Amino acid sequence: MKGLEYFEVECVEQAGAETYSQIADNILSDLNLNQSIGRLHIYIDPEIPLFLAVGVIKQMPGLVHIRDFASALGTETGVVLDIGTETYLSPMLSILWDRYGRDLITQPDRFTVNILVPGLNPREIEDMVVVDPSEGMFHDIIYALQWIAPEGFKVRRQSIGEGIFSYVASENTLDQEEIEALLKEKFARIGVNA
């Protein structure tokens, strides 16, 4: 698979491994995740039945602060934000409305937002986090794995954090200790001590 440092589908049936390899390739490419995921190992055991995936995230996007797309200037009536790009304007307005109320936030034009709260520190406003892009990527990874996993596997367990992720799905309830041991073994195959 293009973009991944390591990719393997492990399955007792060779045809199944090839099919799921192609499915994973198509879905990860469609969601542009093959540039964000560094290593991915998928294990399929049709006898249990079990679908298990472990992976390493290659690029973790950073937090987006107001200072990344706007500058703040303190005035007698509050803070004026000079918006450089509108990409994050909507989530920023939602955060400001939640914090200060809609009556105290005005937008005289596309590139100006006034916070009508006297005494605000413009640097604190610029330091406010507007978007955590990693949340969207985590959601996309789990969404992709749900599409890759066989239909009908409704017993699911997922984990994402600190640059790694796992997804386990089955038709049946799974033994927790066996799954933990299997996850540890599969993480070791991609060079992670989990």
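Okay, quick one: when I say contact, I mean heavy atoms within 4.5 Å. Helices (H or I, at least four residues) and strands (E, at least two) are DSSP runs, numbered from the N terminus. Axes are lines fitted to C-alpha atoms, for helices over the stretch in contact, and angles run from 0 to 180 degrees between N-to-C directions.

This is a predicted model, with pLDDT of at least 70 needed for local features and 80 or more for side-chain atom pairs, while totals for chains, interfaces and linings use all residues. Numbering starts from 1 along each chain as its sequence is written, and side-chain values use heavy atoms, leaving out hydrogens and water.

So, the sheet. We've got five strands in an open sheet, ordered β1-β2-β3-β11-β10, and the pairing is mixed; two strands pair if DSSP finds at least two bridges between them. At the edges sit β1 (6-11) and β10, each pairing on one side only. On average, neighbouring strands here are turned by 5° against each other, direction ignored.

Now β11, residues 164-170. With β10 (155-161) it pairs antiparallel over seven bridges, and Gln158 stands opposite Tyr167 there. The hairpin of β10 and β11 has two residues between the strands, and Glu162 takes a positive phi near 55°. β3 (residues 50-57) also runs antiparallel to β11, joined by seven bridges, with Val56 opposite Ile164.

And the helices? α5 (residues 176-189) lies across β1, β2, β3, β10 and β11, at about 45° to β3. α1 (residues 14-30) lies across β1 and β2 (37-45), running at about 140° to β1.
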